[in-house]
There are 4 protein chains.
Amino acid sequence: MAITDAQRLELAEAKAGRSETLRPTVPALEAMLFEPIPVLDHGFVRVIDYMGDDGAVVQAARVSYGRGTKAVTEDRGLIRYLMRHWHSTPFEMCEIKFHVKLPIFVARQWIRHRMANVNEYSARYSLMDREFYIPAPEQLAAQSVVNRQGRGAVLDGADAAHVLDLLRRDANQTYDHYEDMLNEAPDGTPRDPARQGLARELARMNLTLNTYTQWYWKADLHNLLGFLRLRADSHAQYEIRVYAEAMMGVVEAWVPAVAEAFRDYRLGAVTFSAQMLDITRRLLAGEAVQQRGSGLSPREWRELMQTLGREA
Amino acid sequence: MAITDAQRLELAEAKAGRSETLRPTVPALEAMLFEPIPVLDHGFVRVIDYMGDDGAVVQAARVSYGRGTKAVTEDRGLIRYLMRHWHSTPFEMCEIKFHVKLPIFVARQWIRHRMANVNEYSARYSLMDREFYIPAPEQLAAQSVVNRQGRGAVLDGADAAHVLDLLRRDANQTYDHYEDMLNEAPDGTPRDPARQGLARELARMNLTLNTYTQWYWKADLHNLLGFLRLRADSHAQYEIRVYAEAMMGVVEAWVPAVAEAFRDYRLGAVTFSAQMLDITRRLLAGEAVQQRGSGLSPREWRELMQTLGREA
Amino acid sequence: MAITDAQRLELAEAKAGRSETLRPTVPALEAMLFEPIPVLDHGFVRVIDYMGDDGAVVQAARVSYGRGTKAVTEDRGLIRYLMRHWHSTPFEMCEIKFHVKLPIFVARQWIRHRMANVNEYSARYSLMDREFYIPAPEQLAAQSVVNRQGRGAVLDGADAAHVLDLLRRDANQTYDHYEDMLNEAPDGTPRDPARQGLARELARMNLTLNTYTQWYWKADLHNLLGFLRLRADSHAQYEIRVYAEAMMGVVEAWVPAVAEAFRDYRLGAVTFSAQMLDITRRLLAGEAVQQRGSGLSPREWRELMQTLGREA
Amino acid sequence: MAITDAQRLELAEAKAGRSETLRPTVPALEAMLFEPIPVLDHGFVRVIDYMGDDGAVVQAARVSYGRGTKAVTEDRGLIRYLMRHWHSTPFEMCEIKFHVKLPIFVARQWIRHRMANVNEYSARYSLMDREFYIPAPEQLAAQSVVNRQGRGAVLDGADAAHVLDLLRRDANQTYDHYEDMLNEAPDGTPRDPARQGLARELARMNLTLNTYTQWYWKADLHNLLGFLRLRADSHAQYEIRVYAEAMMGVVEAWVPAVAEAFRDYRLGAVTFSAQMLDITRRLLAGEAVQQRGSGLSPREWRELMQTLGREA
C-alpha cells in the first residue's frame, strides 16, 4: 500500500480523535474514514471528510417545495422522484473529500471533471516516488478492432511478457535518470558534489505517464454522481473505472437511498430518442418494423435492437 | 424571528442529536450550529453544516508541497503565506452550508456569486409568507450625489415617514391581492367557492421585491471569502452587507487563522498599480510628485493620496 | 417593442457596420443579428454576437480523435453520434451572446443556470422603466390540482378580468410610489425641491416582480442546450418557455445539424430506468406484466404505460 | 513547426474563406488568425476564433449602468475603472479560442484553470507523435536554494550536456517501445504479424511527460486574464510562461484598452495588507519604523522594503 509513513501517522491520530458533533453523521461511512481502499497495484482511495447524508438531500428538496410537500411523505420516494426527473440542486447539498493515489495518465482523464476542488502533490516542489503502474497480465489487451477507443482480446503470454518487460524497464530507467539529473540525496545534499542538480520542475519531465501521483479531490454529490456515471460505465478505461467502482462503494455506505436511485435511473438506464421510442411503441402494437424506413441508421437500429433484447 | 414552527422543531431535534465523529470538529462552530443569527427585520443566517477547519487548509497545502514542507512548520504562518500569495485551492477544501432568510432584492444580488450550491423556496410550488423588509428609519438615505451607486444623507423625519408609509402600504396591498388572486384558504380549499384561484406561479408576480424568501446556500471557503470580500466591503449595499458581516462572524469561529489572514490581506488591503507604486517610491525618496505629469488621472491621484493618508 | 432609442441607434449603427472576417460565419444567423424577437408583451431576445458553427463542433471532435477519425467522414453523423453518447466538450466550442428583456420573476428562474456570463441592468445605479408583464387572458390559468407546480384550466372571463385589474393597478401604483420616493425628474433634479429623494438602491424594493429588467446573457452551446432542454420543456413555466422557444429558433438558424440532433436525442427523448427497460423487453416478448410485482410504484408504472402508448 | 499537413491545409482553406459579418471585428487580430506563433521547440499557439472587442466590454458595463452612464463618456477610462475596481462580468463578454501544442507536463499545469473549454487530442483513440520538449541549454537551471519551487543558476556545459543526453535518449527509447508495443504500421496493419499489438489506451502510459500533446482551449477574457496574471508572472515556470507571453501578445492586438489596463492594474500591481499600508503611511510621515514592533514577520518586512525600493 503506497501510503507514506507520515500519512499512516496522520491516519492513526485521526482515528484516535473522536469528537462529538451536532452535524448529520453516517456511522457506515465513519467506519470507512481515512482507511485506504486499494486500487490497481499501488493506488488507493480513502475518504477524508464528508458533509450531509440522504436526509440533507431531502431537507433541501423540501425547502424548495415549502409547505407544499405534505403529499410526499417518504424520503426514499422523494429521492427517487428527484433522480428520475433530473433534479440536481438537492444533490449538491452533500459534499465529500477523497485522498487518491493514481497514475498520471488516469489523473489526466479525471481532472477533466472540472466541478471539483483539487490539491495535487507538486513535482515542482517535491520529489516523486519510484512508483509506477504496471498492469496485471490479464489487463494487457489488444487494440479493439470494432471500437477505436477500447480494448480487445487479452494478449497471450509471450506478448504480455514482452510488454511488461518494456514497461518495467522504461519506468525504472527514466526514474533512475530523474534521480541522476536531480543529483539530490535524501537529506537534500548533492549526491555527486562535483555536479549541479537540475531543478525539480524540469527533471520531472523525464518521468513516464504511469508514474503515481496523489491528490485531495473534493466534490458535491451531484458532480460525484456525474463522474461515476461516466467513469463507472463499461465504456470507461479499466484503469479509471476501478477507482470509480471503489468510490461507488463509498457512496453506497454514505447515502444508500441516493445510491439505489442512481443505480436504477442512471447507471442502468438508457435514453430513447423520439424515433427510437416511436419504433418501440409500434413494435409493442404488433407492427413489423424494419430498419429500412425506420428513420434510424443501421448503427442506431443495431443499438436499439440490442437494447430491446431482440435479434438485430 | 422569521423561523417557522416546523423549522423550530427541526432545530430542537437537530440539537438533541449529538453523534460521535472522526471528522475534524470545531467546538466554537458547533456552539453556533442551527441557531438563527438575526439580520434586518425578519431575516436570519444560520449554519446548517460544515466540513473542515484551519487544519484542512494546511493539510491540502502540505500535500501539494509534499516532502518539501519541512521548512514551514507553523500552520498560522503557512495560512498567511497562502493568503498573501493568492493561493486558492487549499481554501476550497473547507465547505459550509447556511440557511438564509432574506429579501428578494438582496437574493438577486447574492445569486450572482455563481460558485455556490443553492436550493431556494419555490413560489411556484408553495405560498409566500406575508413578510417584507421595511428599513429602519436610520437606513432611509438619499441618493448619493458623488456616487451614483450609493447612499447619501439620512432622510429627515417627515420624508422618512412618508417613505415608510408607502413601503408598508404597497407591500401589504400587493400581498392582499396576491391572496385574493390565489383564492386559497390555509387548508387548500377556495376562500370564495364561486371563483377560481390563479396558479401560484402567476400570482407571485404581484409581490414586491422586499418580500422575504429563503434558501440553503452552500459554498467552499475560497468562494465564501470571495463573497465576503465584495459584500462585507463598505461599498456594498447595507442590506447585503449585514448578511456578510453575520457570516464573517461565523468564519471567525470556524477558521480563526484563515479569518485573521483574510482580514489583513483582503478586507484591509489595497492594490497599487505600477504607476501608483512608482509614485509612492518617489514620495518616500523625498521627491515632490504632482498629479500633473504623474501618469494618474485626477480621480486616481485623489484616490492614491487618500490611501496614503495625505492631503490631496 | 421595449427597446430604447439608444439601443435602436446602436442597432442601426451595427447593421451598417459590415466587415470582412476570416472567422466561421453563418449567413442565416447574420440575417437575425441585433433584431429583437418579440416575447411576451414587452420582452424580447436578440442575438448580439456568436462564435462558431456546426463545423466548429466537428473540428473539436476531430482534434480529440486525431488521425483516428478517417472512418467518420460525415459531419452530420458525427454530430448525432456526439449527442447520442452525451459528449459535451465539442459543443462548448461555440458561443452566443443574447440581449434579453424579461420580467424579474422570469430572470430569477433563468439565473439559476450558472454556467453563463451575465450583465444585468442595475437598479442601484439607474432608473427602472414603467414596464410590467401583464399576461394575456388566455394565459391566466388556475392552480393545477394534479401538479402542485403547474397550471390547470384557464380562468373564465370575470375571474380573469378581476386578476388583470389587480395586476395592472398594483404594478402602476407601486411604480408611482417608486417615482414618488425617488423624487427625481428626468433631468436628475428633484421633482419636489422641498423633499429629499430616496436612494435608488432602496426605492427599487417597492417594485413588483413582473417589472421588466434586461441583461446580456452569453453561454456556450452545451450550456445553452442544457438551458433549452429544461426551459423549452412542456413542464417549464409558460413565461420562460416562450423565451426558450425563441432561442431554439436561433439555434436552428445557427447550428442546424446540432439543432436536429438535439431535438431527436434530448427534447423528444425519454430515459428508461433498468426496471422500465426490463418491463419493456418482457412486454415485447409477449409477457403479460402487471404493475403489482413489476418493481415500479403505481406512479412510475402509470408514467411508463403512457410513454409506451398503452392504456394504464 | 509542429503543425500537421492536415492542419496546414485547413489553415490555407480558412484563410481563403473571407466572409462578410455584422459582428464586431478586430483587423489586428484577423491578421493573426490561424497562424501558429512558435513557442518552445515544437509548440505553438494560434487563434482559431474570437468574439467581441474592447467595445463589447464597454457595452456590457453600460447596460449595467443604464441611463446612469452619461458621466463616463470615454471608453478607455471606463475600462480602466472596471479593472481598478475588480469588476469581472463585463470582461466575460469577450471570448477567444486557441489551438495549442504543448508538452504534457505544461498541459497538466494549464488544465488546473477550470473555467475554460477544452478538447484535447486523445491518446486512447489516436497515435501520439514522436515529438518531445528538449530544453534549450540556457534553460537548464539548477534547483533554486532560496525558493523550493524555482530555478537557480544555469547548469554549466558538461552538466547541461549530460542532462540533454538523458532527456533525448529516454524520450526516444520510450517512444520506440511505445511503437513496439502498439505493433502498428502507419496503415493500421500489424508491423509484426506474429504479434498482437497493445491497446493505445495502455501503450501511451510508457511515454514521458515532455511528449507534446495539443488541444483547443477556449475561455472568456476575464478567465484568460486570470490565467495570464498567474502564468505570465515571473514566478511561473518558464515553460508555461512563454505560452502566456505569446497569448498576452494576442490580447494586445485584440483588446488594446483592456490589455493596457491589465498591465497597469494586475501584472505590475502589488497588494498591500492593512499593516503594510499603515507602515507605508508612517514612513511617508517621516517616522522611523523598524521591523521589530511593526507587526510584520521578518519575511514580510523584507518583501515590503523591496517593494518600496528601500534597503531592507
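Two exercises on chain contacts in a predicted model follow.

Local features need pLDDT of at least 70 and side-chain atom pairs count only at pLDDT 80 or more, while totals for chains, interfaces and linings use all residues. Residues are numbered from 1 along each chain as its sequence is written, and side-chain values use heavy atoms, without hydrogens and water.

**Exercise 1.** Describe the interface of chain A and chain D.

Step 1. Count the residues in contact (heavy atoms within 4.5 Å): chain A gives 61 residues and chain D gives 60 residues.

Step 2. Take the buried area (accessible area, 1.4 Å probe, that two parts lose on being put together, summed over both). Chain A and chain D bury about 5800 Å² between them, with 51% of it on carbon and sulfur atoms. Arg124(A), Gln196(A) and Met205(A) supply 13% of the area that chain A buries against chain D, more than any other three residues.

Step 3. Look for salt bridges (side-chain nitrogen of Lys or Arg within 4 Å of a carboxyl oxygen of Asp or Glu). The rule finds four across this interface; one of them joins Arg108(A) and Glu120(D) at 2.8 Å, N to O.

**Exercise 2.** How do α4(B) and α12(D) lie relative to each other, and which residues meet?

Step 1. Helices are DSSP runs (H or I, at least four residues) numbered from the N terminus. Axes are lines fitted to C-alpha atoms over the stretch in contact, with angles from 0 to 180 degrees between N-to-C directions.

Step 2. The axes of α4 (residues 75-84) of chain B and α12 (residues 298-307) of chain D come within 12 Å and cross at roughly 25 degrees. Therefore α4(B) is roughly parallel to α12(D) (angles under 35 degrees).

Step 3. Arg80(B), Tyr81(B) and Arg84(B) meet Arg299(D), Glu300(D) and Glu303(D).

Technical notes
Chains are lettered from A and ligands numbered from 1 in the order in which they are written. Helices (H or I, at least four residues) and strands (E, at least two) are DSSP runs, numbered from the N terminus. Angles under 35 degrees count as roughly parallel, over 145 as roughly antiparallel, 65 to 115 as roughly perpendicular and the rest as oblique.
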